[in-house]
Amino acid sequence: MGNLIKYVPQTVTVGFTSGIAVTLLITQIKDLLGLNIEDVPAEALHKIVAYVENINSFHIITFLIGLACIFIMVYWPKVNKSVPASIIALVFATLVVKIFNLNVDTIGSLYSNISSTIPMPSIPKINMDKIIQLIQPAITIAVLASIESLLSCVVADKMIDDKHDSNSELVAQGFGNIASAIFGGIPATGAIARTAANVRNGGRSPISGIVHAITLLLIMILLMPLAKMIPMTVLSAILIIVSYNMGEWKEMKEMMNLPKIDVIVLLSTFILTIVFDLVVAIIVGMSIHLISNLFINKSDDKATEEVA
């Protein structure tokens with residue numbers, strides 16, 4: 001089933017990739033501006049409304065630190081390309097907040113109940129009633145997770161000029177989610193934002209993903225007290241840069257010269273990804289693409305018959 005991803009047209013992949021980039025950017029505005037919002041809506045447009053309604057909680061110090069981090073990540077590569085700019089920005093912001101004791105939201109202040117211990121493995125009791133109850137949501141989660149992970153692979157392929165093995169990706173993801181569940185984890189997918197961040201910082205092989213996982217584990221076990229001091233604004237600044245870099249802005253501009261129906265597919269996927277979600281965008285984009293191709297093929301067949 002992993003091979004089905006190759007039938008997704010480029011207009012759809014470029015549309016949802018750029019749409020996710022905009023969605024990711026919108027998500028980071030709260031922490032960049034230091035807004036005080038307890039329950040942030042899930043939808044992008046509702047997020048914007050919430051930001052406007054709570055703009056009076058704007059925190060200038062938080063914003064200036066985040067802005068400084070953005071400038072560091074933009075200009076640091078001109079100084080040194082071997083050390084990731086995001087690491088420099090993260091260390092800079094953390095030291096500034098700690099040394100000057102600034103009132104800026106950090107990982108620890110917002111998520112004080114983060115634990116550094118690993119849950120003990122536990123195999124749940126399985127019976128037929130439980131299987132019947134969970135089979136439908138399990139299939140739904142599996143399909144959506146597969147789509148998002150494989151689309152993440154497509155994005156990475158374009159960024160590093162490589163080609164992934166779709167079936168291997170899905171098998172590995174399946175085993176990973178089974179292992180995670182034994183330790184109390186929830187289903188996870190390949191994430192386009194983190195994949196793009198990985199590539200932008202030099203990742204080119206599965207080794208980078210393995211190092212990423214081991215690093216997070218070590219941070220959780222050994223460095224959690226230090227990680228809690230990281231300001232949220234620097235994380236938002238990092239993801240804002242990632243969102244800009246992952247967007248297919250040049251490709252979108254070039255695709256505006258394609259036939260009108262392809263432009264409609266592109267813009268529909270792009271807008272629906274932002275307004276609704278990835279699944280709706282892909283379904284609508286693919287539907288328009290397939291219907292248009294069917295109509296074109298019928299028109300070509302009719303024209304051929306008339307000529308004959």
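This is a predicted model: local features need pLDDT of at least 70, side-chain atom pairs count only at pLDDT 80 or more; totals for chains, interfaces and linings use all residues.
Helices in this account are DSSP runs of at least four residues, numbered from the N terminus. Just after one of them, H8, glycine 202 takes a positive phi of about 105°.

The chain has 14 helices and zero strands. Along its principal axes, the C-alpha trace spans about 85 × 55 × 40 Å. The chain holds 308 residues, of which 33% count as buried. Among contacts between residues at least 6 apart in sequence, 74% join residues at least 24 apart.

Helix H3 covers residues 60–75, which is 16 residues. From its first C-alpha to its last, H3 reaches 22 Å, close to the 22 Å expected at 1.5 Å a residue. Which residues of H3 are buried? They are Thr62, Ile65, Gly66, Cys69, Ile70 and Met73. These residues cover an arc of only 145° around the axis, which puts them on the same side of H3. They pack against three helices: H1 (10–33), H4 (85–99) and H11 (232–246).

Two packed helices are described by the angle between their axes and the distance between the axes. For H1 and H3, the angle is about 120° and the axes lie 7 Å apart. H1 is therefore oblique to H3. On the H1 side the residues that meet H3 are Asp31, Leu32 and Leu33. Their partners in H3 are Thr62, Phe63, Gly66, Leu67 and Ile70. Sorted by class, this contact has five nonpolar, two polar and one charged residues. Thr62, Gly66 and Ile70 belong to this contact and are also among the buried residues of H3.

Two single residues complete the account. Glycine 108 is found in helix H5, which covers residues 107–110. Is glycine 108 buried or exposed? Its relative accessible area is 15%, and buried means under 20%, so glycine 108 is buried. Glycine 108 and isoleucine 135 are 27 residues apart in sequence, and their C-alpha atoms are 38 Å apart in space.

Asparagine 54 is found in a loop, the one between helix H2 (44–53) and H3. Its relative accessibility is 22%, so asparagine 54 counts as partly exposed. Leaving out residues up to four places away in sequence, asparagine 54 touches Leu35, Asn36 and Ile37. Asparagine 54 and isoleucine 264 are 210 residues apart in sequence and 35 Å apart in space, C-alpha to C-alpha.

Terms used
Residues are numbered from 1 along each chain as its sequence is written. Side-chain values use heavy atoms; hydrogens and water are left out. Helices (H or I, at least four residues) and strands (E, at least two) are DSSP runs, numbered from the N terminus. The expected span of a helix is 1.5 Å times one less than its number of residues. Buried means under 20% relative accessible area, exposed over 50%, partly exposed in between (1.4 Å probe, protein chains only). The arc is that of the directions from the helix axis to the C-beta atoms. Contact means heavy atoms within 4.5 Å. Axes are lines fitted to C-alpha atoms, for helices over the stretch in contact, and angles run from 0 to 180 degrees between N-to-C directions. Angles under 35 degrees count as roughly parallel, over 145 as roughly antiparallel, 65 to 115 as roughly perpendicular and the rest as oblique. Ala, Val, Leu, Ile, Met, Phe, Trp, Tyr, Cys and Pro count as nonpolar, Asp, Glu, Lys and Arg as charged, and the others, Gly among them, as polar.
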